[in-house]
Amino acid sequence: MSRFSNEHQSMVPGDPSENDSVRYPSTVEDLSTGARITFLERGVDEQGAYLMMDGVLPPGVDSGPARLHPQSEVRSKVMAGRASVTVRGDSHVLLPGESLTIAPGEAHSIRNRDDDTLVVRTTLRPPGEFEAATRALYEAGAGGRPDLFAVSAVLSHYRSDVRLAGIPWVIQRPLLGVLAGTATILGRNPLT
């Protein structure tokens, strides 16, 4: 379902990600949709820790269900194509060169409704373990036929970094816990 590649160009010293051997740029791809994310760099600048990545969405593909990052600000800039972005239920169309900043905890999603490929450069501050969460979600099936138990285990584990927006957290948290436990019992938890 997914493919990972490392283009071994640069490694960020002190990268707090789970896999210290990750080199940048590094790409994950959902073979069922053609969507891919290339993690460009992870570092620290005058504004703090960040993760920069390019998301590529083929025509008609979206970034998945609306989600939120409880602790991170997201700044997305369209590099190519036209993005249909929904933030807190409000729709925006972004053209090349235009950007949008999404505050921590704001529900959002991106869709490519055009005939051209969409490329969005996103910077996440602070990055937390979003990269590891994304890699695990792609491994669990991403946009194809995701394994509910595997996805639940990933979302439960990385709940500080990414959450589904459509289900209140007071309901989502115990539900994810039960499904993650079941994933472990069934041997379908990709994090064990």
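Buried residues make up 44% of the 192 residues in the chain. Buried means under 20% relative accessible area, exposed over 50%, and partly exposed in between (1.4 Å probe, protein chains only). The model is predicted: local features need pLDDT of at least 70, side-chain atom pairs count only at pLDDT 80 or more, and totals for chains, interfaces and linings use all residues. Residues are numbered from 1 along each chain as its sequence is written, and side-chain values use heavy atoms, with hydrogens and water left out.

The secondary structure comes to 3 helices and 12 strands. These are DSSP runs numbered from the N terminus (helices H or I, at least four residues; strands E, at least two). The accessible surface of the chain is about 9800 Å², with 52% of it on carbon and sulfur atoms. Areas follow the Shrake-Rupley method with a 1.4 Å probe; for residues, only the protein chains shown count as cover. Among contacts (heavy atoms within 4.5 Å) between residues at least 6 apart in sequence, 65% join residues at least 24 apart.

Helix α1 spans residues 130–139. It is largely enclosed by the rest of the structure, because 8 of its 10 residues are buried. Among them are F130, A136 and Y138. E131 and R135 also belong to this buried set. E131 has 2% relative accessibility, and R135 has 16%. The two form a salt bridge, with the closest N and O atoms 3.1 Å apart. A salt bridge here is a side-chain nitrogen of Lys or Arg within 4 Å of a carboxyl oxygen of Asp or Glu. E131 and R135 lie 4 residues apart, about one turn of the helix. An α-helix has 3.6 residues a turn, so residues three or four places apart point the same way. After α1 comes G141, whose phi is positive, near 125°.

The structure holds 7 salt bridges. One of them pairs D62 with R111, at 3.0 Å between the closest N and O atoms. This pair links distant parts of the chain, 49 residues apart: D62 in the loop between β4 (48–57) and β5 (67–68), R111 in strand β10. Both residues are partly exposed, D62 at 34% and R111 at 27%. E106 and R88 form another salt bridge, with a closest N–O separation of 2.9 Å. E106 lies in the loop between β9 (99–102) and β10, and R88 in the loop between β7 (83–87) and β8 (90–94), so the pair ties together parts 18 residues apart in sequence. E106 is buried at 16%, whereas R88 is exposed at 54%.

T117 sits in the loop between β10 (108–111) and β11 (118–125). Its relative accessible area is 39%, so T117 is partly exposed. Beyond four places in sequence, T117 touches V56, L57, P58, P59, A80, G81 and N112. The C-alpha atoms of T117 and A80 are 7.2 Å apart, across 37 residues of chain. V44, in strand β3 (residues 36–45), is exposed at 68%. Its contacts beyond four places are A49 and Y50.

S156 lies in helix α2 (residues 148–157) and is buried at 14%. Leaving aside neighbours within four places, S156 contacts L176, G177 and A180. I171 belongs to helix α3 (residues 169–185) and is partly exposed at 48%. With I167 and V170, I171 forms a nonpolar surface patch of about 280 Å² accessible area.

Key. Patch = residues over 30% accessible without salt bridge, like charges linked within 9 Å, V, L, I, M, F, W, Y side chains within 5 Å.
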